[in-house]
Amino acid sequence: MFFKNLQIYRLPENWNIGIQKLSECLERGPFVKCPRNQPKSRGWVSPAANGELVYSLAGQWLIALKTEEKILPSSVINQAAKEIADLLEIAQGYKPGRKMLKEIRERVIEELMPRAFTRQRTTHVWIDPFSGWFVVDAASSNKAEEVIEHLRNCLDEFPLKMLQTNLSTVSAMADWIACGDAPAGFTIDRDCELKSPDEEKSAVKFTHHSLDDGKAKEHLAEGKLPTKLALTFDNRISFVLTDKMEVKRVALLDIIECEKADNAQEQFDSDFALMTGEFKRLIAELVEDLGGEVKEE
């Protein structure tokens, strides 16, 4: 398994929870299927086949949060509520008031909830306790915060901060596009997005388009700022860097070949070791090229 997105957080320097302690804390919030009358349920599951809530290999940890949601489209709710409201209007001779409509809608949701379809997803978290990284495989910070919120509910204390660098990704990406080259170890790929910071929010997107023809530079000169830039690290990892310090659309390139293991668990171990080793290098180089981390006094 390989992460597709990296929401990168920094663990506090004094964070010293061991595997046993973390496992015990996660047991406070295990996953249970969504009850009939509730729209959502979430909890910890084993990220590997061994059944343990914390998977560990070579000092690197992996945990997983499973979420189950009831799918109840608003159009279905609205239609059912309207039918009830129409019948009530006929019976009493006047339209139901706002309070009554709200009660009807709530009753419809309560009645439909047990029959709703469910949707499940599992979000993985890679923890590097030695380097202090906490990385969530989520496409947005909001999805990552759901994981962190549930973890905070299980831990007695969990101070965590988003990764902050001295140079913003917007400034760095603008410099790289302007000079036509990325820092050593990185190459600029063929996807880019620039937006105007004014109220109009005009935007231009380059997809599978060479940035060497000067058009992206023209938009920079007009005042647009880069919000996304596709990059490749060390000819081994392709990704998209965003203005929010998110690393998205991560892909390990074909030149990285894993030896095929004899069984699924060995293959999982091999994949995890490869992924964490490559990601540690990527994050370290990226932070360095962004001027290093912001240090609190």
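Trainee: What does Asp-234 count as, at 33% relative accessibility?

Mentor: Start with the cut-offs. Buried means under 20% relative accessible area, exposed means over 50%, and partly exposed is in between, using a 1.4 Å probe and protein chains only. At 33%, Asp-234 is therefore partly exposed. This is a predicted model: local features need pLDDT of at least 70, side-chain atom pairs count only at pLDDT 80 or more, and totals for chains, interfaces and linings use all residues. Residues are numbered from 1 along each chain as its sequence is written, and side-chain values use heavy atoms, leaving out hydrogens and water.

Trainee: Where does Asp-234 lie?

Mentor: Helices (H or I, at least four residues) and strands (E, at least two) are DSSP runs, numbered from the N terminus. Asp-234 lies in the loop between strand E10 (225-233) and strand E11 (237-242). Its phi is near 55°, a positive value in a residue other than glycine.

Trainee: What is phi of Arg-249, and where is Arg-249 found?

Mentor: Phi of Arg-249 is near 50°, again positive in a residue other than glycine. Arg-249 is found in strand E12 (residues 247-252). At 53% relative accessibility, Arg-249 counts as exposed.

Trainee: How many aromatic pairs does the structure hold?

Mentor: A pair of aromatic rings is described by the distance of the centres and the angle of the planes. Rings of Phe, Tyr and Trp (its six-membered ring) pair if their centres lie within 6.5 Å; planes under 30 degrees apart are stacked, over 60 edge-to-face, and the rest tilted. The structure holds nine such pairs. In one of them, Tyr-9 and Phe-134 have ring centres 6.3 Å apart and planes at 80°, so the pair is edge-to-face. Tyr-9 is in strand E1 (residues 7-10) and Phe-134 in strand E6 (residues 133-136), so the pair ties together parts 125 residues apart in sequence. Both Tyr-9 and Phe-134 are buried.

Trainee: Which residues do ring pairs link into a cluster?

Mentor: The cluster links Tyr-9, Trp-15, Trp-61, Phe-134 and Phe-158.

Trainee: Which residues have the most contacts inside the largest nonpolar core?

Mentor: In soluble globular proteins, nonpolar side chains tend to be buried together. A nonpolar core is a set of buried Ala, Val, Leu, Ile, Met, Phe, Trp, Tyr and Cys residues joined through side-chain atoms within 4.5 Å. The largest has 42 residues, and Leu-6 and Phe-239 have the most contacts inside it. H7 gives the most to this core, with eight residues. A second, separate core has 26 residues, including Trp-61 and Ile-127.
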